[in-house]
Amino acid sequence: MKTKNIFYSLTIAITFFVSSCVSDADLDQSDPNFETADKFWQDDTDALEGVNAVYGSLLTDGSYMRSTPLLLDLKGDGTKSNSPWGAMANIGRFNTSVSDASIYGWAFETFYQGVYRANQVLENVPGIDMEDDALKRRILGQAHFLRGLYFFHLVNLFKNVPIPLTSLEIYHEQKTQEEGWQQVKADLEAAAELLPESYYDFTGLDAGQVGRATKGAALAYLGKMYLFTGDFASAKSAFESVINSGNYDLVANYSDNFTLYNENNSESIFEVQFSREAGGVDLGWGGAPASGWGKTSARAITYGPPTFGFTDVQPTRILFDDFHKEATITGEVDPRLDATMFYNKPGGMMLYGVDFATHYGANPSYLNDLFVAKYQNSDGSRADEYDWRSGINERIMRYADVLLMYAECLNELGQTDAAYGYIQQVRDRVNLPDLAITKPGMSQQQMRDQIAHERFLEFPLEGHRFDDIRRWGWLQDPSKLEWLKSRDPEYGSYVPGREYFPIPQAEMDNNPLVTEQNPGY
(Lines give C-alpha, C1' and ligand atoms only; values in the text may rest on other atoms or scores of the structure.)
Protein backbone atom coordinates (compact mmCIF):
# COMPACT_ATOMS: atom_id res chain seq x y z
CA MET A 1 0.00 0.00 0.00
CA LYS A 2 1.23 3.49 -0.79
CA THR A 3 1.70 5.86 2.12
CA LYS A 4 2.22 9.60 2.36
CA ASN A 5 1.72 10.05 -1.39
CA ILE A 6 -0.26 13.01 -2.61
CA PHE A 7 -3.74 12.21 -3.89
CA TYR A 8 -5.74 14.94 -5.37
CA SER A 9 -9.12 16.29 -4.35
CA LEU A 10 -11.15 18.18 -6.89
CA THR A 11 -12.84 20.76 -4.73
CA ILE A 12 -13.65 23.91 -6.68
CA ALA A 13 -17.12 24.33 -8.18
CA ILE A 14 -19.12 27.31 -9.36
CA THR A 15 -22.89 27.05 -9.65
CA PHE A 16 -25.09 29.52 -11.49
CA PHE A 17 -28.83 29.74 -11.02
CA VAL A 18 -31.39 31.14 -13.42
CA SER A 19 -35.13 31.50 -12.82
CA SER A 20 -37.92 33.75 -14.04
CA CYS A 21 -40.42 36.17 -12.53
CA VAL A 22 -38.24 37.00 -9.54
CA SER A 23 -36.42 40.14 -8.46
CA ASP A 24 -32.70 40.72 -8.78
CA ALA A 25 -32.40 40.37 -5.02
CA ASP A 26 -33.98 36.92 -5.22
CA LEU A 27 -31.37 35.88 -7.75
CA ASP A 28 -28.46 36.98 -5.59
CA GLN A 29 -28.17 33.73 -3.63
CA SER A 30 -25.67 30.96 -3.02
CA ASP A 31 -26.47 27.28 -2.87
CA PRO A 32 -25.44 26.17 0.64
CA ASN A 33 -24.47 22.77 -0.77
CA PHE A 34 -21.70 24.19 -2.98
CA GLU A 35 -18.73 26.36 -2.19
CA THR A 36 -18.41 29.22 -4.67
CA ALA A 37 -15.06 30.32 -6.02
CA ASP A 38 -15.23 33.81 -4.52
CA LYS A 39 -15.61 32.30 -1.02
CA PHE A 40 -13.18 29.45 -1.45
CA TRP A 41 -9.76 31.08 -1.44
CA GLN A 42 -9.47 31.97 2.25
CA ASP A 43 -6.57 30.21 3.96
CA ASP A 44 -3.60 27.82 3.68
CA THR A 45 -5.78 24.73 3.40
CA ASP A 46 -7.83 26.24 0.57
CA ALA A 47 -4.64 27.12 -1.32
CA LEU A 48 -3.29 23.58 -0.96
CA GLU A 49 -6.59 22.02 -2.02
CA GLY A 50 -6.65 24.37 -4.99
CA VAL A 51 -3.31 23.18 -6.30
CA ASN A 52 -4.31 19.57 -5.55
CA ALA A 53 -7.12 20.07 -8.06
CA VAL A 54 -4.55 21.05 -10.70
CA TYR A 55 -2.84 17.69 -10.21
CA GLY A 56 -6.27 16.06 -10.59
CA SER A 57 -6.25 16.76 -14.32
CA LEU A 58 -3.37 14.31 -14.68
CA LEU A 59 -5.57 11.46 -13.48
CA THR A 60 -8.60 11.40 -15.77
CA ASP A 61 -9.25 9.66 -19.08
CA GLY A 62 -8.11 12.52 -21.30
CA SER A 63 -4.76 12.64 -19.55
CA TYR A 64 -2.58 9.89 -18.04
CA MET A 65 -5.40 7.58 -17.05
CA ARG A 66 -5.51 6.46 -20.71
CA SER A 67 -5.55 8.96 -23.61
CA THR A 68 -2.21 10.75 -23.28
CA PRO A 69 -0.03 7.60 -23.30
CA LEU A 70 -1.87 6.47 -26.45
CA LEU A 71 -1.26 9.80 -28.21
CA LEU A 72 2.42 9.74 -27.27
CA ASP A 73 3.08 6.06 -28.03
CA LEU A 74 1.14 4.97 -31.09
CA LYS A 75 2.90 6.99 -33.80
CA GLY A 76 6.29 5.52 -33.01
CA ASP A 77 7.89 2.64 -34.91
CA GLY A 78 8.05 0.57 -31.72
CA THR A 79 4.28 0.26 -31.36
CA LYS A 80 1.24 -0.77 -33.35
CA SER A 81 -2.50 -0.98 -32.75
CA ASN A 82 -5.00 -3.46 -34.10
CA SER A 83 -7.74 -2.02 -31.93
CA PRO A 84 -11.27 -2.40 -33.30
CA TRP A 85 -11.83 1.18 -32.17
CA GLY A 86 -10.94 3.26 -35.21
CA ALA A 87 -10.10 6.42 -33.24
CA MET A 88 -7.39 4.48 -31.43
CA ALA A 89 -6.02 2.39 -34.30
CA ASN A 90 -5.86 5.40 -36.61
CA ILE A 91 -3.52 7.36 -34.33
CA GLY A 92 -0.52 5.31 -35.40
CA ARG A 93 -1.69 5.28 -39.02
CA PHE A 94 -1.62 9.10 -39.16
CA ASN A 95 -5.31 8.95 -40.00
CA THR A 96 -6.90 10.79 -37.08
CA SER A 97 -10.26 12.27 -38.09
CA VAL A 98 -11.24 15.87 -37.52
CA SER A 99 -14.85 14.73 -37.33
CA ASP A 100 -14.17 12.33 -34.44
CA ALA A 101 -12.39 13.95 -31.50
CA SER A 102 -12.25 10.75 -29.42
CA ILE A 103 -8.99 10.40 -27.48
CA TYR A 104 -7.11 13.42 -28.89
CA GLY A 105 -10.03 15.76 -28.22
CA TRP A 106 -10.38 14.42 -24.69
CA ALA A 107 -6.71 15.12 -24.09
CA PHE A 108 -7.05 18.64 -25.51
CA GLU A 109 -9.98 19.33 -23.19
CA THR A 110 -8.29 17.85 -20.13
CA PHE A 111 -5.05 19.75 -20.61
CA TYR A 112 -7.02 23.00 -20.72
CA GLN A 113 -8.95 21.95 -17.63
CA GLY A 114 -5.57 21.66 -15.89
CA VAL A 115 -4.50 25.05 -17.25
CA TYR A 116 -7.74 26.64 -16.02
CA ARG A 117 -7.26 25.22 -12.54
CA ALA A 118 -3.63 26.36 -12.47
CA ASN A 119 -4.72 29.85 -13.51
CA GLN A 120 -7.17 29.94 -10.60
CA VAL A 121 -4.36 29.12 -8.19
CA LEU A 122 -2.03 31.71 -9.68
CA GLU A 123 -4.76 34.37 -9.59
CA ASN A 124 -6.11 33.71 -6.10
CA VAL A 125 -3.34 32.34 -3.90
CA PRO A 126 -1.14 35.50 -3.97
CA GLY A 127 -3.99 37.42 -2.30
CA ILE A 128 -4.44 34.95 0.57
CA ASP A 129 -2.93 36.05 3.87
CA MET A 130 -1.29 32.68 4.54
CA GLU A 131 0.27 31.71 7.84
CA ASP A 132 3.03 29.78 6.03
CA ASP A 133 4.68 31.97 3.40
CA ALA A 134 7.02 29.16 2.31
CA LEU A 135 3.95 27.00 1.65
CA LYS A 136 2.56 29.77 -0.54
CA ARG A 137 5.76 29.76 -2.60
CA ARG A 138 5.60 26.00 -3.01
CA ILE A 139 1.96 26.10 -4.06
CA LEU A 140 2.61 28.80 -6.65
CA GLY A 141 5.64 26.85 -7.88
CA GLN A 142 3.54 23.74 -8.36
CA ALA A 143 0.87 25.70 -10.23
CA HIS A 144 3.51 27.12 -12.58
CA PHE A 145 5.03 23.67 -13.10
CA LEU A 146 1.72 21.99 -13.85
CA ARG A 147 0.56 24.78 -16.15
CA GLY A 148 3.90 24.51 -17.93
CA LEU A 149 3.47 20.73 -18.21
CA TYR A 150 -0.05 21.02 -19.65
CA PHE A 151 1.10 23.70 -22.09
CA PHE A 152 4.07 21.48 -23.01
CA HIS A 153 1.68 18.73 -24.08
CA LEU A 154 -0.63 21.12 -25.92
CA VAL A 155 2.16 22.81 -27.88
CA ASN A 156 3.95 19.53 -28.54
CA LEU A 157 0.88 17.58 -29.69
CA PHE A 158 -1.34 20.29 -31.23
CA LYS A 159 1.19 22.94 -32.37
CA ASN A 160 -0.65 26.32 -32.62
CA VAL A 161 -2.98 26.57 -29.64
CA PRO A 162 -4.46 29.19 -27.30
CA ILE A 163 -2.27 30.01 -24.29
CA PRO A 164 -4.72 31.30 -21.65
CA LEU A 165 -3.06 32.95 -18.66
CA THR A 166 -6.29 33.91 -16.90
CA SER A 167 -9.45 32.09 -15.89
CA LEU A 168 -11.50 35.29 -16.20
CA GLU A 169 -11.98 35.32 -19.98
CA ILE A 170 -13.94 32.86 -22.10
CA TYR A 171 -12.05 33.11 -25.39
CA HIS A 172 -8.30 33.11 -25.95
CA GLU A 173 -6.51 33.67 -29.21
CA GLN A 174 -4.53 31.03 -31.02
CA LYS A 175 -0.78 31.43 -30.63
CA THR A 176 2.12 30.24 -32.74
CA GLN A 177 4.07 27.22 -31.57
CA GLU A 178 7.03 29.48 -30.82
CA GLU A 179 4.86 31.65 -28.57
CA GLY A 180 3.58 28.53 -26.88
CA TRP A 181 7.09 27.29 -26.14
CA GLN A 182 7.95 30.69 -24.69
CA GLN A 183 5.14 30.34 -22.16
CA VAL A 184 6.26 26.81 -21.29
CA LYS A 185 9.70 28.28 -20.65
CA ALA A 186 8.31 31.10 -18.49
CA ASP A 187 6.25 28.73 -16.34
CA LEU A 188 9.04 26.22 -15.83
CA GLU A 189 11.55 28.91 -14.98
CA ALA A 190 9.15 30.34 -12.40
CA ALA A 191 8.57 26.86 -11.01
CA ALA A 192 12.29 26.16 -10.71
CA GLU A 193 12.69 29.33 -8.64
CA LEU A 194 9.83 28.54 -6.28
CA LEU A 195 9.92 24.78 -5.80
CA PRO A 196 11.94 22.85 -3.20
CA GLU A 197 14.32 20.02 -4.03
CA SER A 198 12.19 17.69 -1.90
CA TYR A 199 9.33 17.81 0.60
CA TYR A 200 11.25 16.32 3.51
CA ASP A 201 13.27 19.29 4.77
CA PHE A 202 10.52 21.46 6.25
CA THR A 203 7.29 21.42 8.23
CA GLY A 204 3.94 22.42 6.84
CA LEU A 205 0.72 21.06 5.39
CA ASP A 206 2.57 19.44 2.47
CA ALA A 207 5.61 18.16 4.37
CA GLY A 208 6.69 14.66 3.35
CA GLN A 209 4.13 14.37 0.56
CA VAL A 210 5.83 12.39 -2.16
CA GLY A 211 4.66 13.05 -5.70
CA ARG A 212 4.53 16.83 -5.67
CA ALA A 213 6.56 18.71 -8.26
CA THR A 214 10.13 19.62 -7.30
CA LYS A 215 12.85 21.93 -8.55
CA GLY A 216 14.43 18.93 -10.30
CA ALA A 217 11.20 18.22 -12.19
CA ALA A 218 10.94 21.84 -13.33
CA LEU A 219 14.57 21.92 -14.49
CA ALA A 220 14.29 18.56 -16.28
CA TYR A 221 11.25 19.70 -18.25
CA LEU A 222 12.84 23.08 -18.87
CA GLY A 223 15.83 21.30 -20.38
CA LYS A 224 13.50 19.13 -22.45
CA MET A 225 11.72 22.22 -23.74
CA TYR A 226 15.05 23.75 -24.77
CA LEU A 227 16.09 20.50 -26.43
CA PHE A 228 12.84 20.32 -28.39
CA THR A 229 13.37 23.89 -29.63
CA GLY A 230 17.00 23.36 -30.59
CA ASP A 231 18.60 25.49 -27.86
CA PHE A 232 21.19 22.91 -26.89
CA ALA A 233 23.34 25.22 -24.76
CA SER A 234 20.41 26.18 -22.52
CA ALA A 235 19.22 22.58 -22.39
CA LYS A 236 22.70 21.45 -21.35
CA SER A 237 22.72 23.98 -18.51
CA ALA A 238 19.32 22.86 -17.21
CA PHE A 239 20.25 19.18 -17.33
CA GLU A 240 23.56 19.90 -15.59
CA SER A 241 21.64 21.43 -12.71
CA VAL A 242 19.62 18.23 -12.34
CA ILE A 243 22.68 15.99 -12.59
CA ASN A 244 24.81 18.09 -10.24
CA SER A 245 22.05 18.28 -7.61
CA GLY A 246 22.93 14.75 -6.51
CA ASN A 247 19.25 14.06 -5.86
CA TYR A 248 18.81 11.41 -8.55
CA ASP A 249 20.35 8.11 -9.56
CA LEU A 250 19.45 5.13 -11.72
CA VAL A 251 17.81 2.26 -9.88
CA ALA A 252 19.67 -1.04 -10.15
CA ASN A 253 16.72 -2.93 -11.63
CA TYR A 254 15.35 -1.38 -14.84
CA SER A 255 11.91 -2.97 -14.39
CA ASP A 256 11.43 -1.20 -11.04
CA ASN A 257 10.45 1.86 -13.08
CA PHE A 258 7.22 0.25 -14.32
CA THR A 259 5.69 -1.74 -11.48
CA LEU A 260 3.70 -1.08 -8.34
CA TYR A 261 6.83 -1.59 -6.30
CA ASN A 262 9.65 0.90 -5.73
CA GLU A 263 7.59 3.85 -6.93
CA ASN A 264 8.89 7.40 -6.44
CA ASN A 265 12.39 5.95 -6.43
CA SER A 266 15.77 7.63 -6.93
CA GLU A 267 15.37 7.58 -10.72
CA SER A 268 11.92 9.14 -10.74
CA ILE A 269 11.99 12.89 -11.29
CA PHE A 270 8.24 13.22 -11.79
CA GLU A 271 5.50 10.63 -11.90
CA VAL A 272 1.72 10.67 -11.96
CA GLN A 273 0.40 9.15 -8.74
CA PHE A 274 -2.17 6.37 -9.11
CA SER A 275 -3.49 4.09 -6.37
CA ARG A 276 -6.18 1.46 -5.87
CA GLU A 277 -6.44 2.50 -2.23
CA ALA A 278 -7.18 6.20 -2.73
CA GLY A 279 -10.62 7.59 -3.44
CA GLY A 280 -13.57 5.54 -4.68
CA VAL A 281 -13.85 2.77 -7.24
CA ASP A 282 -15.51 4.69 -10.10
CA LEU A 283 -13.48 5.51 -13.18
CA GLY A 284 -12.51 9.14 -13.84
CA TRP A 285 -13.77 9.56 -17.37
CA GLY A 286 -13.73 13.35 -17.21
CA GLY A 287 -16.04 16.28 -16.72
CA ALA A 288 -17.10 17.51 -13.29
CA PRO A 289 -15.36 15.48 -10.58
CA ALA A 290 -17.45 13.10 -8.47
CA SER A 291 -16.76 11.88 -4.96
CA GLY A 292 -16.81 8.25 -6.09
CA TRP A 293 -13.94 8.64 -8.54
CA GLY A 294 -10.90 6.52 -7.92
CA LYS A 295 -7.29 7.44 -8.60
CA THR A 296 -6.47 4.55 -10.90
CA SER A 297 -5.13 4.08 -14.41
CA ALA A 298 -6.65 2.30 -17.42
CA ARG A 299 -3.28 1.92 -19.14
CA ALA A 300 -2.85 -1.68 -18.00
CA ILE A 301 -6.12 -2.94 -19.46
CA THR A 302 -5.71 -0.90 -22.65
CA TYR A 303 -2.20 -2.20 -23.32
CA GLY A 304 -2.71 -5.61 -21.68
CA PRO A 305 -2.05 -8.95 -23.42
CA PRO A 306 -5.01 -10.97 -24.74
CA THR A 307 -7.26 -12.66 -22.13
CA PHE A 308 -5.76 -10.29 -19.53
CA GLY A 309 -6.48 -6.95 -21.22
CA PHE A 310 -7.70 -5.42 -24.47
CA THR A 311 -4.38 -5.57 -26.41
CA ASP A 312 -5.10 -2.22 -28.06
CA VAL A 313 -1.36 -1.49 -28.13
CA GLN A 314 1.44 -3.92 -29.00
CA PRO A 315 5.20 -3.74 -29.50
CA THR A 316 6.47 -4.16 -33.05
CA ARG A 317 8.72 -6.92 -34.33
CA ILE A 318 11.33 -4.31 -35.21
CA LEU A 319 11.56 -3.30 -31.54
CA PHE A 320 11.95 -6.96 -30.58
CA ASP A 321 14.70 -7.40 -33.18
CA ASP A 322 16.56 -4.25 -32.13
CA PHE A 323 16.89 -5.63 -28.60
CA HIS A 324 18.90 -8.50 -30.11
CA LYS A 325 21.40 -6.33 -32.00
CA GLU A 326 23.82 -6.13 -29.09
CA ALA A 327 24.42 -8.74 -26.38
CA THR A 328 25.37 -7.98 -22.81
CA ILE A 329 28.93 -8.43 -21.55
CA THR A 330 28.02 -11.99 -20.55
CA GLY A 331 26.47 -12.77 -23.94
CA GLU A 332 22.84 -12.50 -22.89
CA VAL A 333 19.93 -10.64 -24.48
CA ASP A 334 19.40 -7.08 -23.28
CA PRO A 335 17.32 -7.50 -20.08
CA ARG A 336 15.14 -4.52 -21.01
CA LEU A 337 13.45 -6.80 -23.56
CA ASP A 338 11.74 -8.90 -20.89
CA ALA A 339 10.71 -5.80 -18.94
CA THR A 340 9.16 -4.34 -22.09
CA MET A 341 7.24 -7.17 -23.72
CA PHE A 342 5.79 -10.66 -23.29
CA TYR A 343 6.77 -13.20 -25.94
CA ASN A 344 7.29 -16.92 -26.42
CA LYS A 345 10.67 -16.91 -24.76
CA PRO A 346 12.83 -20.01 -24.97
CA GLY A 347 12.85 -21.55 -21.51
CA GLY A 348 9.51 -19.97 -20.62
CA MET A 349 8.09 -16.61 -19.55
CA MET A 350 5.48 -16.00 -16.87
CA LEU A 351 2.61 -13.53 -17.10
CA TYR A 352 -0.21 -13.16 -14.58
CA GLY A 353 0.91 -16.33 -12.88
CA VAL A 354 0.83 -18.54 -15.98
CA ASP A 355 3.41 -19.61 -18.55
CA PHE A 356 3.19 -17.77 -21.86
CA ALA A 357 3.66 -20.86 -24.07
CA THR A 358 1.20 -22.90 -22.03
CA HIS A 359 -1.46 -20.20 -21.89
CA TYR A 360 -1.35 -19.37 -25.61
CA GLY A 361 -0.38 -22.82 -26.88
CA ALA A 362 -3.74 -23.51 -28.50
CA ASN A 363 -3.70 -20.19 -30.39
CA PRO A 364 -0.73 -19.95 -32.82
CA SER A 365 -1.40 -16.28 -33.61
CA TYR A 366 -1.08 -15.35 -29.95
CA LEU A 367 1.78 -17.75 -29.36
CA ASN A 368 3.90 -16.07 -32.03
CA ASP A 369 2.92 -12.50 -31.28
CA LEU A 370 4.33 -9.80 -28.98
CA PHE A 371 2.51 -8.12 -26.11
CA VAL A 372 3.17 -5.26 -23.72
CA ALA A 373 4.76 -6.01 -20.33
CA LYS A 374 5.52 -2.47 -19.15
CA TYR A 375 3.05 -1.06 -16.64
CA GLN A 376 1.22 -4.39 -16.31
CA ASN A 377 0.20 -5.91 -12.96
CA SER A 378 1.56 -9.20 -14.25
CA ASP A 379 3.53 -10.59 -11.31
CA GLY A 380 0.74 -13.01 -10.41
CA SER A 381 -0.85 -10.89 -7.69
CA ARG A 382 -3.81 -10.14 -9.97
CA ALA A 383 -5.60 -12.46 -12.37
CA ASP A 384 -6.13 -9.85 -15.08
CA GLU A 385 -6.78 -6.14 -15.70
CA TYR A 386 -10.50 -6.26 -16.41
CA ASP A 387 -11.55 -4.09 -13.48
CA TRP A 388 -9.82 -1.14 -15.27
CA ARG A 389 -8.14 -0.13 -12.00
CA SER A 390 -4.37 -0.24 -12.14
CA GLY A 391 -2.53 1.52 -9.35
CA ILE A 392 0.86 1.72 -11.06
CA ASN A 393 2.30 5.23 -11.17
CA GLU A 394 3.19 6.64 -14.58
CA ARG A 395 6.84 7.71 -14.56
CA ILE A 396 6.86 10.59 -17.04
CA MET A 397 10.34 11.97 -16.32
CA ARG A 398 13.16 9.57 -15.43
CA TYR A 399 16.77 10.35 -14.64
CA ALA A 400 17.82 8.04 -17.48
CA ASP A 401 16.09 10.45 -19.84
CA VAL A 402 18.02 13.38 -18.41
CA LEU A 403 21.32 11.51 -18.90
CA LEU A 404 20.58 10.68 -22.54
CA MET A 405 19.21 14.13 -23.32
CA TYR A 406 22.32 15.63 -21.75
CA ALA A 407 24.51 13.36 -23.91
CA GLU A 408 22.58 14.57 -26.95
CA CYS A 409 23.25 18.20 -26.01
CA LEU A 410 26.96 17.50 -25.64
CA ASN A 411 27.06 15.88 -29.07
CA GLU A 412 25.14 18.72 -30.72
CA LEU A 413 27.52 21.23 -29.15
CA GLY A 414 30.53 19.44 -30.64
CA GLN A 415 31.52 17.60 -27.45
CA THR A 416 30.95 14.13 -28.84
CA ASP A 417 33.67 12.44 -26.81
CA ALA A 418 32.13 13.74 -23.57
CA ALA A 419 28.76 12.20 -24.47
CA TYR A 420 30.06 8.63 -24.13
CA GLY A 421 30.16 8.62 -20.33
CA TYR A 422 26.54 9.69 -19.85
CA ILE A 423 25.28 7.14 -22.34
CA GLN A 424 27.36 4.46 -20.66
CA GLN A 425 25.71 5.11 -17.29
CA VAL A 426 22.43 3.96 -18.84
CA ARG A 427 24.08 1.02 -20.62
CA ASP A 428 25.93 -0.13 -17.49
CA ARG A 429 22.67 -0.81 -15.68
CA VAL A 430 21.79 -3.50 -18.23
CA ASN A 431 25.35 -4.78 -18.53
CA LEU A 432 26.01 -3.63 -22.09
CA PRO A 433 29.63 -3.27 -23.26
CA ASP A 434 31.56 -0.03 -22.95
CA LEU A 435 30.58 2.03 -25.98
CA ALA A 436 33.92 3.86 -25.90
CA ILE A 437 35.58 0.51 -26.61
CA THR A 438 33.08 -1.02 -29.04
CA LYS A 439 32.50 2.20 -31.01
CA PRO A 440 35.33 4.64 -30.28
CA GLY A 441 35.75 7.95 -32.07
CA MET A 442 32.26 8.28 -33.48
CA SER A 443 31.51 11.30 -35.62
CA GLN A 444 28.74 13.67 -34.59
CA GLN A 445 26.30 12.02 -37.02
CA GLN A 446 27.26 8.54 -35.89
CA MET A 447 26.68 9.60 -32.31
CA ARG A 448 23.27 11.02 -33.25
CA ASP A 449 22.30 7.65 -34.67
CA GLN A 450 23.68 5.88 -31.61
CA ILE A 451 21.73 8.09 -29.23
CA ALA A 452 18.58 7.41 -31.27
CA HIS A 453 19.21 3.67 -30.86
CA GLU A 454 19.89 4.01 -27.14
CA ARG A 455 16.69 5.99 -26.61
CA PHE A 456 14.64 3.52 -28.66
CA LEU A 457 15.64 0.65 -26.36
CA GLU A 458 15.61 2.55 -23.06
CA PHE A 459 12.17 4.19 -23.45
CA PRO A 460 9.82 2.01 -25.53
CA LEU A 461 6.16 2.43 -24.62
CA GLU A 462 7.00 5.48 -22.48
CA GLY A 463 5.83 8.16 -24.87
CA HIS A 464 9.21 9.34 -26.17
CA ARG A 465 9.88 7.71 -29.53
CA PHE A 466 7.63 9.74 -31.81
CA ASP A 467 8.53 12.96 -30.03
CA ASP A 468 12.13 12.14 -30.90
CA ILE A 469 11.34 11.29 -34.52
CA ARG A 470 9.44 14.55 -35.00
CA ARG A 471 11.96 16.84 -33.29
CA TRP A 472 14.90 15.25 -35.14
CA GLY A 473 13.24 16.13 -38.45
CA TRP A 474 13.17 12.57 -39.69
CA LEU A 475 9.76 13.00 -41.31
CA GLN A 476 11.14 15.79 -43.51
CA ASP A 477 14.27 13.76 -44.40
CA PRO A 478 13.39 11.50 -47.38
CA SER A 479 16.00 8.88 -46.49
CA LYS A 480 14.95 8.72 -42.85
CA LEU A 481 11.27 8.58 -43.80
CA GLU A 482 11.95 5.67 -46.14
CA TRP A 483 13.87 3.95 -43.35
CA LEU A 484 10.89 4.40 -41.02
CA LYS A 485 8.57 2.98 -43.67
CA SER A 486 10.80 -0.08 -43.98
CA ARG A 487 10.50 -0.62 -40.23
CA ASP A 488 6.85 0.27 -39.74
CA PRO A 489 4.38 0.12 -42.65
CA GLU A 490 2.11 2.61 -40.86
CA TYR A 491 4.51 5.34 -41.98
CA GLY A 492 3.36 4.66 -45.52
CA SER A 493 0.23 6.67 -44.72
CA TYR A 494 2.07 9.64 -43.25
CA VAL A 495 0.99 12.99 -44.72
CA PRO A 496 3.05 16.14 -44.03
CA GLY A 497 1.48 18.03 -41.16
CA ARG A 498 0.05 14.94 -39.50
CA GLU A 499 2.94 14.72 -37.12
CA TYR A 500 0.59 16.90 -35.05
CA PHE A 501 -3.00 16.17 -34.09
CA PRO A 502 -5.79 18.38 -35.42
CA ILE A 503 -7.28 21.18 -33.40
CA PRO A 504 -10.62 19.67 -32.28
CA GLN A 505 -13.46 20.95 -34.43
CA ALA A 506 -15.47 21.90 -31.34
CA GLU A 507 -12.71 24.33 -30.37
CA MET A 508 -12.77 25.91 -33.82
CA ASP A 509 -16.57 26.09 -33.81
CA ASN A 510 -16.89 27.56 -30.33
CA ASN A 511 -13.86 29.83 -30.08
CA PRO A 512 -13.94 32.65 -32.66
CA LEU A 513 -10.26 33.38 -31.95
CA VAL A 514 -9.15 29.93 -33.17
CA THR A 515 -9.26 29.99 -36.96
CA GLU A 516 -6.27 27.99 -38.23
CA GLN A 517 -6.43 24.21 -38.51
CA ASN A 518 -3.16 22.30 -38.55
CA PRO A 519 -1.82 21.43 -42.04
CA GLY A 520 -2.78 18.04 -43.41
CA TYR A 521 -6.34 18.05 -42.04
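**Labels and their cut-offs**

Analyst: In strand β2 (residues 268-272), 5 of its 5 residues are buried, and the strand is mostly covered. Buried means under 20% relative accessible area, exposed over 50%, and partly exposed in between (1.4 Å probe, protein chains only). Strands are DSSP runs (E, at least two residues), as are helices (H or I, at least four), numbered from the N terminus. The model is predicted: local features need pLDDT of at least 70, side-chain atom pairs count only at pLDDT 80 or more, and totals for chains, interfaces and linings use all residues. Residues are numbered from 1 along each chain as its sequence is written, and side-chain values use heavy atoms, without hydrogens and water.

User: What joins β2 to strand β10 (residues 394-398)?

Analyst: There are 4 bridges between β2 and β10, and the two run antiparallel. Two strands pair if DSSP finds at least two bridges between them, so β2 and β10 count as paired. V272 stands opposite E394 in β10.

User: How many cavities does a search of the whole structure find?

Analyst: The search finds 3 cavities of 30 Å³ or more. A cavity is a set of points, on a 1 Å grid over the protein atoms alone, where a 1.4 Å probe fits but cannot get out; lining residues have an atom within 4 Å of a point. The largest cavity has a volume of about 150 Å³, a volume being the space filled by probe spheres set on the points. Of its 16 lining residues, those closest to the centre are Y64, L72, I396, E462 and G463.

Conventions:
1 Å grid on protein atoms, 1.4 Å probe; cavity = no way out; pocket = protein on both sides within 12 Å on 5 of 7 lines; lining within 4 Å.
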